[in-house]
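The entries below are in the order in which I took them.

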Amino acid sequence: MAATTAGSHGEQIPPGKAMTTEQHILDKGAQMLQSLKPIKQMNQHVCTFALYNHDMNRQIETHHYVTRVNQDFLQCAVYDSDHSNARLIGVEYIVSDRIFETLPKEEQKLWHSHAYEVKSGLWVNPRVPEMVVKKDLENFAKTYGKFWCTWQTDRGDKLPIGPPSLMMSPQAVNLGMVKPELIQKRDDRYNISTDAIKRTRLEIAEPEWINPEADYWKQHGKCFEIHVEDVEMKKIAPFP
């Protein structure tokens with residue numbers, strides 16, 4: 001198991017004692033004996049950026065480890081880095097435009113489009129040549145995602161605190177533009193140029209139509225935020 005991450009003052013994030021040799025041995029043994037099939041289906045690493053729906057000035061770099069369930073549905077474990085001690089900060093579900101159009105209107109409001117994210121070069125597969133992923137990118141540009149962030153490490157949370165936050169994708173409007181310094185930091189790390197990648201994707205076709213219920217904030221200037229409240233429990237009825 002990976003080590004914890006050290007914070008700015010040397011504290012461990014998340015807090016906890018270091019792994020012992022015995023624990024490492026137990027984990028290795030379990031790894032050898034168990035199939036871990038769901039994890040082994042993750043076959044793609046995507047690095048991109050996301051914005052908090054309720055506060056779009058807060059923007060984060062995200063690392064999505066993608067499982068393709070079928071041609072129309074993908075599921076992603078989202079981490080805050082690609083390091084061995086990366087923290088699992090959320091989950092994103094991705095559906096094709098065909099599936100998205102079948103969703104109820106109220107549900108569609110929680111989803112975001114991926115066309116700009118792909119075309120602008122923000123969505124990258126680190127260390128994979130563009131020519132290898134071009135066909136996949138053409139398909140991703142037509143998809144929609146729903147991303148819940150469960151651990152707000154960007155604000156310094158040492159543990160997953162509070163309810164999940166809905167995340168949005170970057171967009172070509174003021175509030176949806178990713179801060180240049182975030183992009184540059186990512187580009188320097190992977191020795192890439194987002195601007196150069198953008199130029200190579202000019203031939204990727206724009207979707208003929210992006211459903212206006214997606215990216216709801218763009219059309220309506222409103223967001224969605226979860227608040228936790230006490231409610232009466234549903235009781236199991238007694239047997240007669």
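**Conventions.** I am working from a predicted model, in which local features need pLDDT of at least 70 and side-chain atom pairs count only at pLDDT 80 or more, while totals for chains, interfaces and linings use all residues. I number residues from 1 along each chain as its sequence is written, and side-chain values use heavy atoms, with hydrogens and water left out.

**Overall.** I looked up the secondary structure and found nine helices and nine strands. For these I took DSSP runs, numbered from the N terminus: H or I of at least four residues for helices, E of at least two for strands. Along the principal axes, the C-alpha atoms fill a box of roughly 60 × 55 × 40 Å. Of the 240 residues, 41% are buried. I call a residue buried under 20% relative accessible area, exposed over 50% and partly exposed in between, with a 1.4 Å probe and protein chains only. I then looked at contacts, meaning heavy atoms within 4.5 Å. Among contacts with a separation of 6 or more, 64% are between residues 24 or more positions apart.

**Cores.** Which residues have the most contacts inside the largest nonpolar core? I found V118, W123 and M167, in a core of 22 residues. Such a core is a set of buried Ala, Val, Leu, Ile, Met, Phe, Trp, Tyr and Cys residues joined through side-chain atoms within 4.5 Å. The elements giving two or more residues to this core are β3 (42–52), β4 (55–70), β5 (73–79), β6 (88–95), α6 (130–140) and β8 (144–149). Another core lies apart from it and has twelve residues, including M56, Y144, L166 and A214.

I listed the neighbours of W123, leaving out residues up to four places away in sequence. W123 touches V46, C47, T48, I94, H114, E117, V118, L137, F140 and R201.

**Cysteines.** I searched for disulfides, counting pairs of cysteine sulfur atoms within 2.5 Å. The count is zero. C47 is in no disulfide, and its nearest cysteine sulfur is that of C76, 13 Å away. From C76, the closest cysteine sulfur is the one in C47, and 13 Å is too far for a bond. C47 is buried at 0% relative accessibility, and C76 is buried at 3%.

**Helix α7.** I checked which residues of α7 (180–190) are buried, and noted L182, I183, R186, D187 and Y190. They lie on the same side of α7, because they cover an arc of only 130° around the axis. I took the arc from the directions between the helix axis and the C-beta atoms. As background, an α-helix has 3.6 residues a turn, so residues three or four places apart point the same way. The buried residues of α7 pack against β3, β4 and α8 (194–200). On the face turned away from that side I noted the exposed residues P180, E181, K185 and D188. N191 follows α7 and has a positive phi, near 55°.

**Helix α1.** How far apart are the end C-alpha atoms of α1 (21–33)? They are 19 Å apart, which agrees with the 18 Å that 13 residues should span. I took the expected span as 1.5 Å times one less than the number of residues. The number of buried residues in α1 is zero, so this helix lies largely in the open.

**S96.** I placed S96 in the loop between β6 and α3 (97–100). S96 is buried, with a relative accessible area of 9%. Beyond four places in sequence, S96 touches D72, K142 and T143.

**Ring pairs.** I paired rings of Phe, Tyr and Trp (its six-membered ring) if their centres lie within 6.5 Å, with planes under 30 degrees apart stacked, over 60 edge-to-face and the rest tilted. The structure holds six aromatic pairs. Y65 and Y79 are edge-to-face, at 5.6 Å centre to centre and 85° between the planes. Y65 is in strand β4 and Y79 in strand β5, so this pair ties together parts 14 residues apart in sequence. Y65 is partly exposed at 21% relative accessibility, as is Y79 at 25%.

Y216 and F224 make a tilted pair, because their ring centres are 5.3 Å apart and their planes are at 45°. Y216 is buried at 13%, whereas F224 is partly exposed at 28%. My last entry is a cluster in which ring pairs link F100, W111 and Y144.
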